[in-house]
Amino acid sequence: MQEVSLLPTFDFSEVFSTASGAIFQSDSERCWYVDFAGKLARFDYRNLLKLKKAVYQVDIEQKLLSNDKSPDVEILFICASDHCYVLSLLQVIALKELLQGTFVMLELNHIICDRLYRIVA
Amino acid sequence: MKDIIRAKCLISSDVEALINQQIKKEAHSSAIYLSMASWCNRNGYDFSSEYFFKQAEEERMHQLKFYKYVLDMGGTAISPEITNIKIEYNSFREVFEEALDQEVSVTQSIKNIAARCHKEQDYVTLEFLNWFFKEQREEEYKARRALELFDVIGEEGTGRWQIDKHVGQIKYDSEP
């Protein structure tokens, strides 16, 4: 009898990566996988936007300049998502860079899709 | 790679943010008109009070129109927080001066959204905004006419009583 292996199919394409992490898109699942801070987390459209908002809202400059004794840790909790990040300030900066790059690439992809497939020449 | 974001949402995040700002502005407007209605009522200007109640309702309707548009396009509509609403006015005339200022600022802010849409070639939102431009034409006309009554009739003697009576009759029917 032939054994049928049910290996999951991966159709990830890398959207953007930096030295500290990467974001992949899965076309079949219509979601993104964020590889950052030692874990791979799945984000759908709404949650990715929420993550972006949460990261962008961290006032990095103020944190850098503040000299109080509270620990240099930022907890990013995303409402209605399974993931949460506990990051140091340097990691927040790295994640912000990763997300900025990602959204630029997604915008670029949008323009390419428009030009190549949507506008009938 | 599929363009997932575009499939989920028609408007860009910038336009969405601008419209959410506008939602707040319309809600603020509505609250101000309500406050004006209260002031007019307290001071015996019955017709003006009625006029401002109607305006408050219209602004609320505009707010909902924007709100539903954002949702229909797949965006996130944000219910705004409204604070700092004035309760007292110095004079009857001041109420109408501020009403006109309010309308002018709403028109400007919608123009600002349209400018952004032009830049992004977002013709869908532009078409949606057209309705508001037409509406603002009427709103500004009515606010200006009301203020002009103060010059035409004058505030001396029974002037304010006359003005109040005429405020309710202002109509804009240049074009249906």
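## Ground rules

Residues are numbered from 1 along each chain as its sequence is written, and chains are lettered from A, ligands numbered from 1, in the order written. In this predicted model, local features need pLDDT of at least 70 and side-chain atom pairs count only at pLDDT 80 or more, while totals for chains, interfaces and linings use all residues.

## Where the chains touch

Chain A brings nine residues to the contact, and chain B brings seven residues. (Contact: C-beta atoms, placed from the backbone, within 7 Å.) On the side of chain A, helix α3 (residues 89-118) gives the most, with four residues. Helices are DSSP runs of H or I, at least four residues, and strands are runs of E, at least two, numbered from the N terminus.

## A helix pair in chain B

α4(B) and α5(B) pack at an angle of about 160°, and their axes are 9 Å apart. Axes are lines fitted to C-alpha atoms over the stretch in contact, and angles run from 0 to 180 degrees between N-to-C directions. So α4(B) is roughly antiparallel to α5(B) (over 145 degrees).

## Two loop residues

A:A37 is not a glycine, yet its phi is positive, about 50°. A:A37 sits in the loop between β3 (31-36) and β4 (39-43) of chain A. B:Q121 is not a glycine either, and has a positive phi of about 55°. Its loop lies between α4 (92-120) and α5 (123-153) of chain B.

Note on methods:
Two residues are in contact if their C-beta atoms, placed from the backbone, lie within 7 Å. Angles under 35 degrees count as roughly parallel, over 145 as roughly antiparallel, 65 to 115 as roughly perpendicular and the rest as oblique.
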